[in-house]
Amino acid sequence: GASGLEPLAWSEDHRVSVSTARSIAVLEQLSDVHSGGQDMVIHRTAVPAPAAACTLKVGPKKEVAECKEKFASSVDPTVSQMFMLDRVFNPEGKSLTPMRGFKYSSWSPLGCDANGRCLLAALTMDNRLTIHANLNRLQWVQLVDLTELYGERLFEASYKLCKADAPCGELGDFPEFQRRHCMQAPVRMEWSGICTTQQVKHNNECRDVGSVLLAVLFENGNIAVWQFQLPFLGKESITSCNTIESGISSPSVLSWWEYEHNNRKMSGLIVGSAYGPVKIIPVNLKAVKGYFTLRQPVVLWQEMDQLPVHSIKCIPLYHPYQKCSCSLVVAARGPYVFWCLLLISKAGLNVHNSHVTGLHSLPIVSMTADKQNGTVYTCSSDGKVRQLIPIFTDVALKFEHQLIKLSEVFGCVRTHGIAVSPCGAYLAVITTEGMANGLHPVNKNYQVQFVTLKTFEEAAAQLLESSVQNLFRQVDLTDLVRWKILKDKHIPQFLQEALDKKIESCGSTYFWRFKLFLLRILYQSMQKAPSEVTWRPSHEDAKILISDSPGMGSTEDDQEEGTSKQASKQSLGDTGKGVDIDDSAEDSLHQSSDTGGREPMVEKLLEIQAQIEAVEMHLTREHMKRVLGEVYLHTWITENTSIPTRGVCDFLMSDDGYDDRTARVLIGHILKKMNKQTFPEHCSLCKEILPFTDRKQAVCSNGHIWLRCFLTYQSCQSLVYRRCLLHDSIARHPTPEDPEWIKRLLQGPCTFCDSPVF
């Protein structure tokens, strides 16, 4: 079953992590362009829980064993019982149940692992904090164990935070034994946004390096801020680790506060306590360009009212009345939602706060927020989910809230966690059966359910007005569009027209990729579903072959005619903009012969296929221009690069119908630079020249076929290459001898579907 504080988390690259007692199940949502099924497509992997229990390093092994023995057999019951029952001291449990499972998981921002995707930080019940990456789609790899590293750091520093601290006591004293455990038992951890740091090279040049911070909150209120260089590969990518004292007793939750004011990025850490207070703590970082923090801590709520802070979310918004950016901080405290609006004006930092009451009759067990529009979702264990929409007033804001009754969708259920998708199209909910006839269920079956929060029209509008201009980052929205087209078997007129207008007015390749996506889904929706499962052996075939009776043939024909009629009727339906077909149209369809019924369908498919090829060709040419631009910028006169420059130039100019002035000018400059050299590619098997006649493959005169890399158009002459997430195209692996600019090209996403490449 689900375990931990917030068992669900949804990453920016559309993976949902579900913390369970045995592993973290990861469900990756795919917007599959190759299948005609209307269901959501999910690719499932798992991060297994470690087999061995985690023991925190509080001193030399021999001394720790002696102290444990001493405390366990102590005559003072306040020591012996406290020691025996505390699971931080006894993770393996002996007579107690083992501490299996995960307490919390947190996703990094996009662009942190070697493939430019999200990393997963996982905290087990027995306090082991690790970072994992999914590098080959199927398997998760542990990159680093931060609990072990932090324990070693503390051991080397004699368990003092700074040298000026008074010398620490003896490990044999029970309070000291407790202190050493408390200062390294993590409560929660959260990732910051990606920030840019400056690195000075040997020749005194400065280069910008991306880095990300991971803040880890410990039981004693300390926060360790780890800084990692990107892409994060393991121990060697750790730049620094600083410990901050928050001064909060019994801390329960933390979140990053990130605020942009006059192009200055400010940040801090919001910490909540189990006793009620919430405050922001400054985070001082050296060497981060354009980075600022607060001068002193800011208290957002100071009452020790015994309402534990369960979850905190920080949402950046724009204040329409004050005409500036602001931060909305929301925290779940018992059954209430505490909110705080932070604005920086000439007078300084303005703080407005209040509570939203009357939402739930039970404590809030999970809270999630849609970062794009500031909508907050909360849920209690009785299956009630509340949607809170912030509405700005002259000074601060108010919330409009409405109830989402899950019982209307799933029947009587208990809820254990919720998470909203990155663009707000879906809500994932962990449910178990609720009470039936006043009785609790005998067995609990935990399920992750997905609820749609947006209509197809809202999703389409959001994709058209998108600021990210990347289909992969909006998979939840494209999935709704995919479902609608597969269901209706046509692209709605309003979407078609709006997209064509966008393509005409701005010409961004994003809209061409969106058009390609729509056409591919339309093509899938027109495909005739196989009447039988293809892998199952058929027993009827032999009978039909033996008894060559005309009767059998005619029924088969009739069946085929039936399906084609249905399809033709639907394709007629599209052109009629959703108008119902009347009986006369149906009669005329019945009169048409068998071939007449089937041909329009085939023609329609061929027409869509031609449109798909035209859009793919346009996208290929645009990328070819980009590659040639890179070649021109980074090469000397008559320098041979491994990119088949001459072949790409000839391919672009070969089509008489294609007349692009920028391409012509660029090719003219490149040919002048190449100075009549052709630098053709050669087949590695027979040393013959590989002509550039096809964007997808290269065939030499002896018939050897090599696939082409879609990012650089080189022929992949090794047996190992990468594929994009949706298996659209293939790319080669970077080699050590590749110059930086070719390596940069090879890091790009798929030119057809924006997916990352593995």
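User: How are α6 and α8 oriented to each other?

Analyst: This is a predicted model, in which local features need pLDDT of at least 70, side-chain atom pairs count only at pLDDT 80 or more, and totals for chains, interfaces and linings use all residues. Residues are numbered from 1 along each chain as its sequence is written, and side-chain values use heavy atoms, with hydrogens and water left out. The axes of α6 (residues 456-464) and α8 (residues 493-506) come within 11 Å and cross at roughly 5 degrees; axes are lines fitted to C-alpha atoms over the stretch in contact, with angles from 0 to 180 degrees between N-to-C directions. Angles under 35 degrees count as roughly parallel, and therefore α6 and α8 are roughly parallel to each other.

User: Which residues in α8 does α6 meet?

Analyst: Contact means heavy atoms within 4.5 Å. On the α6 side, the residues are F456, E457, A460 and L464. Their partners in α8 are F494, L495, A498, L499 and K502.

User: What share of the residues in the protein chain is buried?

Analyst: Buried means under 20% relative accessible area, computed with a 1.4 Å probe on protein chains only. The protein chain has 758 residues. Of these, the buried share is 49%.

User: How many helices and strands does the protein chain have?

Analyst: Both are DSSP runs numbered from the N terminus: helices are H or I of at least four residues, and strands are E of at least two. By this rule, the protein chain has 16 helices and 35 strands.

How values were computed: Angles under 35 degrees count as roughly parallel, over 145 as roughly antiparallel, 65 to 115 as roughly perpendicular and the rest as oblique. Buried means under 20% relative accessible area, exposed over 50%, partly exposed in between (1.4 Å probe, protein chains only).
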